Amino acid sequence: MRDLVAELMKVRTRWLPYVVLITLIAGAAAQVLLFGVVAYHAEQGEADYGDAPPGLRSFAMPWALHTMLDSGQFWGAIFIAFVVASVVATDYGWGTVRLAIARGQSRSRYLATKLLGTTLTSAALLLLTLAIAVSMALTASHFEGVPITLAVRGGPSAAEVPVMVLRAGMGILPYGMLAFCLAVIGRSTTLGATGLLVYKLGESILLPLFENLGGRWADLQVLFIGHYADALIAANRVDNREYASLAFRSNPVAADLPDPWIAAAMIGVWTAGLAAIAFGVFAGRDLNARVD
């Protein structure tokens with residue numbers, strides 16, 4: 001526990017988490033105000049609340065909650081990767097790893113503390129951003145005279161809202177672990193962050209391409225984390241109508257994706273596999289080697 005507290009205090013003094021938080025909040029504001037309120041004013045007269053046009057879905061409950069989680073899952077995975085890679089790789093540059101191991105701390109304990117600390121920090125950043133985004137959406141709904149309710153056809157109950165948040169969070173977990181694994185292997189913030197960014201954008205192109213090709217090409221989707229992350233976010237949808245999202249992907253449809261329970265299990269497999277690689281590499285590493 002002392003190691004974890006020390007890790008959290010160390011992360012708190014770094015500037016990158018605060019930059020990521022501000023960026024995420026700015027994205028949430030764009031989702032609510034630009035894609036939401038501004039678009040809704042352009043749509044007025046074309047559809048009512050019951051039809052829920054795309055602009056309305058970006059700030060009115062319950063659709064806005066899913067839209068925020070969709071955008072947050074996509075961009076949160078990228079920005080959290082920057083935080084994770086920076087926290088892990090910086091300790092190599094400062095020699096913190098060698099000092100900790102030399103003073104008797106086991107390698108597995110050191111890396112587990114690092115992993116838990118970055119996980120808690122990332123969760124705090126994302127949950128704080130979500131709370132601020134929901135507050136923006138409720139405020140916009142109040143000023144626009146839009147009902148604030150979950151009681152629409154297909155809408156979640158109050159008890160299901162935490163489950164929606166958990167699904168979105170699980171979709172981010174393997175991406176964060178991929179950045180963690182790459183940063184441990186390469187001892188480099190650049191490799192951890194850029195590697196995740198390239199992978200994330202690459203699968204955003206390949207997944208819809210394979211889906212459109214169909215046949216055996218479509219079967220290749222099971223090799224990507226995003227196939228299962230999309231399945232979890234699709235389970236949060238209120239209905240199958242289109243909505244405006246900041247995520248660079250088509251709106252996921254549950255009928256075209258794996259069952260959410262299977263998706264959750266596969267994400268667990270991805271996360272555990274990447275963690276095993278990171279711990280295995282770290283356990284056998286020569287910490288006296290020169291770090292570039």
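Let's start with a charged pair: the side chains of aspartate 239 and arginine 57 meet in a salt bridge, 2.9 Å from N to O. A salt bridge here is a side-chain nitrogen of Lys or Arg within 4 Å of a carboxyl oxygen of Asp or Glu. This is a predicted model, in which local features need pLDDT of at least 70 and side-chain atom pairs count only at pLDDT 80 or more, while totals for chains, interfaces and linings use all residues. Residues are numbered from 1 along each chain as its sequence is written, and side-chain values use heavy atoms, leaving out hydrogens and water.

**The salt bridge**
- By this rule, the count comes to 1 salt bridge.
- The pair links distant parts of the chain, 182 residues apart: aspartate 239 sits in the loop between α10 and α11, and arginine 57 in helix α3 (residues 54-57). Helices are DSSP runs (H or I, at least four residues), numbered from the N terminus.
- Arginine 57 is buried, at 3% relative accessible area, whereas aspartate 239 is partly exposed, at 25%. Buried means under 20%, exposed over 50% and partly exposed in between (1.4 Å probe, protein chains only).

**The nonpolar cores**
- The largest nonpolar core has 39 residues, of which Val20, Phe180, Val184 and Leu196 touch the most other members. Such a core is a set of buried Ala, Val, Leu, Ile, Met, Phe, Trp, Tyr and Cys residues joined through side-chain atoms within 4.5 Å.
- Helix α4 gives the most to this core, with 11 residues.
- Apart from it lies another core, of 23 residues, including Val37, Met61, Leu130 and Val152.
- Leaving aside neighbours within four places in sequence, valine 20 is in contact (heavy atoms within 4.5 Å) with Phe79, Val83 and Leu125.

**Serine 122**
- Serine 122 is found in helix α6 and counts as buried, at 6% relative accessibility.
- Not counting residues up to four places away in sequence, serine 122 touches Ile80 and Val84.
- A polar atom of the serine 122 side chain lies 2.8 Å from the backbone oxygen of threonine 118.
- Serine 122 and isoleucine 172 are 50 residues apart in sequence, yet 9.9 Å apart in space, C-alpha to C-alpha.

**The surface patch**
- Ile205, Leu206, Leu209, Leu213, Trp217, Leu220, Val222 and Leu223 form a nonpolar patch on the surface, with about 740 Å² of accessible area together. Patch members have over 30% relative accessible area and no salt bridge, with nonpolar side chains (Val, Leu, Ile, Met, Phe, Trp, Tyr) joined within 5 Å and like charges within 9 Å.
- Helix α8 (residues 189-213) gives the most to the nonpolar patch, with 4 residues.
- Valine 222 lies in the loop between α9 (215-219) and α10 (225-234) and is partly exposed, at 41%.

Key: Areas by Shrake-Rupley, 256 points an atom, 1.4 Å probe, with all protein chains shown as cover. Helix = DSSP H or I, 4+ residues; strand = E, 2+ residues; numbered from the N terminus. Polar contact = N/O pair within 3.5 Å; in protein donor to acceptor, adjacent residues only side chain to side chain.
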